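This report looks at aromatic rings and their contacts. Please keep the sequence and the 3D view open while reading.

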Amino acid sequence: MAYNPFQWKLHGDGRNIPSGEVVAPDERLSWGRTIGIGAQHVVAMFGATFLVPLITGFPPSTTLFFSAVGTLMFLLITGGRLPSYLGSSFAFLAPILATQTVPHNPTPEEIGIALGGVFAAGVLLAIVGAIVHFSGTRWIDRLMPPIVTGTIVALIGFNLAPAAWNNFQVAPLTASITLLSIVLITVLFRGIVGRLSILFGVLAGYVAAVVQGQVDFAPVAEAAWFGLPQFHTPTFSFNVLGLFLPVVLVLVAENIGHVKSVAAMTGRNLDPVTGRALFADGVATVLAGTGGGSGTTTYAENIGVMAATKVYSTAAYFVAGLVGLFLSLMPKFGQLIATIPEGVLGGAATVLYGMIGMLGARIWVQNKVDFSDPVNLNTAAIGLIIGIANFSLHITGGASFEGIALGTAATLVIYHLMRGIARWRGTSIEPASPASAPAGSELDDGDPLNRSTETDEWRRPVRD
């Protein structure tokens, strides 16, 4: 039975959650507690979401505006069944920065070109969502097995390493204080404070920057208290589409991961809503590209809040969307965010870009990817080097493709090409060489069927 997205059952007495229970998406606590938890979700996504416009030079208030509107639309499209706040996706950082002549300080024309790429990525994601809704997710699993997904996520993060270093060099002391604060807060504090280490680390770095006279508050004083954010319109250039479209693969992985995480924590089967989630994030990203916001995605920070509170009520997310919308209509608030200096961003970006890269490695670990398999090893090795070194390809007519697009294409082509040839030639069951598996202890018994790469039926040899 479909949920009414504006109607929630009261969970128990609305005040307490008995041990072993959770507040389901179609339930809520008392409205006072629901509002408090909703505001907490805004805080959870705050630090990471605002770092994207600060790094790219997009207006922070505009990003928050489309993040809030996108969240509300996401909840409506998914029928109130899937709790999620759509924050800024870090996967868009590299392609947006690649469109800028002076990184972090784009011209209005460059913002328009980047928004065209965001818009196109959103359209493609919405199309993928519609296909998944009617056909299921098995084709995604076959197109992007964990070795492919992990490599693409990793190369996007590591491709940004030079940008982090450039910001760090502007104010090394401030950047170091920010970086050290994030590291220490992560391990010194439990619960929500530890999970929001990036936000509190940025605040610590900001205080250090203020003490050193690196912050100019004049724009804050001049800004109005209430007003619409600054909007931009997209322009479309074929030259940059190759930079943005690979991001869709990351957004697909993030959204599917979010659906599976919430399903596991609530004990509900949410597979039927996967297509809607992808479609909704695509629509939200299209809206952001239409008016000047960053592309959106689901947020691990909010998963952490739900895990800590045991509250998965979509009512809290409706509240969060409304709170975010209210804050986006305060220009003074947006200008205050914009005063965060480059040194602080350099420290935070060092952590964040590395974390994006390591999320790819986590996908490998969680799915037990076997790197003694030469196909997996070559897929990751080549894709990562192309992405990290930022290979470029210029085509007659002005079109060009760089590290992320080329690395993504190489990862997909190499995996499926090698796997297909190996199946055809029957070489997929051959033991890996010492060069490809220097620690391949799993090969010691000489039986290739014991290798984790041979567990799929289509890889098993036929025996008489």
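How many aromatic pairs does a search of the whole structure find? The search finds 11. Rings of Phe, Tyr and Trp (its six-membered ring) pair if their centres lie within 6.5 Å; planes under 30 degrees apart count as stacked, over 60 as edge-to-face and the rest as tilted.

## Basis of the values

This is a predicted model, in which local features need pLDDT of at least 70 and side-chain atom pairs count only at pLDDT 80 or more, while totals for chains, interfaces and linings use all residues. Residues are numbered from 1 along each chain as its sequence is written, and side-chain values use heavy atoms, with hydrogens and water left out.

## F119 and F236

The ring centres of F119 and F236 are 5.5 Å apart and the planes stand at 75 degrees, so this pair is edge-to-face. F119 belongs to helix α4 (residues 108-135), and F236 to the loop between α11 (218-222) and α12 (238-244); the two are 117 residues apart. Helices (H or I, at least four residues) are DSSP runs, numbered from the N terminus.

F119 is partly exposed at 24% relative accessibility, whereas F236, at 54%, is exposed. Buried means under 20% relative accessible area, exposed over 50%, and partly exposed in between (1.4 Å probe, protein chains only).

## Y206 and F217

Y206 and F217 are also edge-to-face, because their planes are at 85 degrees, with ring centres 6.5 Å apart. Y206 lies in helix α10 (residues 197-211) and F217 in the loop between α10 and α11. Y206 is buried at 13%; F217 is partly exposed at 38%.

## A cluster

One aromatic cluster is formed by W8, W31 and F318.
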